[in-house]
Amino acid sequence: QVQLVESGGGLVQPGGSLRLSCVASERSSLSFSISGYAMRWYRQVPGKQRELVAGISAVGRTNYADSVKDRFTIARDNAKNTVYLQMNSLKPEDTAVYYCNVLYGLDYWGQGTQVTVSS
């Protein structure tokens, strides 16, 4: 069973930046490695479906939702078993709970980290 732990959320003013982190491990043995797997960031606001924000393949190819292109950057550090989401030029509509995801037989999700963009 994979454990994903997100961090880095918080309250930021419009135009500001945040960097989210997602550390992956295996519950029983800590032996899970993200190196062979695509990793994704999703976000969700109350009453709406969870939406894909960004993904990065095992070989580093990235894709982004149109709404965040040129503002967000996804990156991975396989040695640290960590995926990042650098968010710049944040807008109030970016306010959501952000979740890390990996498909490892099953879909695994973290507990989420709240991002609030408000003045």
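Start with burial: colour the chain by accessible area. Buried residues make up 40% of its 119 residues. Keep in mind that this is a predicted model.

Now show the surface. The chain exposes about 6300 Å². Carbon and sulfur atoms supply 47% of that area.

Switch to cartoon. You will find 11 strands and 0 helices. Walk along the sequence and the pattern reads β-β-β-β-β-β-β-β-β-β-β.

Zoom out for the overall dimensions. Along the principal axes, the C-alpha atoms fill a box of roughly 45 × 25 × 25 Å. The radius of gyration is 14 Å, which agrees with the value near 14 Å for a compact globule of 119 residues.

Select the charged side chains. There are 12 positive and 9 negative ones. The centres of the two sets lie 2 Å apart.

Last stop: select Ala58. Is Ala58 buried, exposed or in between? Ala58 has a relative accessible area of 33%. Buried means under 20% and exposed means over 50%, so Ala58 counts as partly exposed.

Stay on Ala58 and show its neighbours. Leaving out residues up to four places away in sequence, Ala58 touches Ser35, Gly36, Tyr37, Ala38 and Arg76. Pick Tyr37 from that set. Draw a C-alpha to C-alpha distance from Tyr37 to Ala58: 4.9 Å. In sequence, Tyr37 and Ala58 are 21 residues apart.

Key: Residues numbered from 1 in each chain as written. Predicted model: local features only at pLDDT ≥ 70, side-chain atom pairs only at ≥ 80, totals over all residues. Heavy atoms only, no water. Helix = DSSP H or I, 4+ residues; strand = E, 2+ residues; numbered from the N terminus. Rg over C-alpha atoms; globule rule 2.2 N^0.38 Å. Buried < 20%, exposed > 50% of the residue type's maximum accessible area, 1.4 Å probe, protein only. Areas by Shrake-Rupley, 256 points an atom, 1.4 Å probe, with all protein chains shown as cover. Lys, Arg positive; Asp, Glu negative; His and termini not counted. Charge placed at Lys NZ, Arg CZ, Asp CG, Glu CD. Contact = heavy atoms within 4.5 Å.
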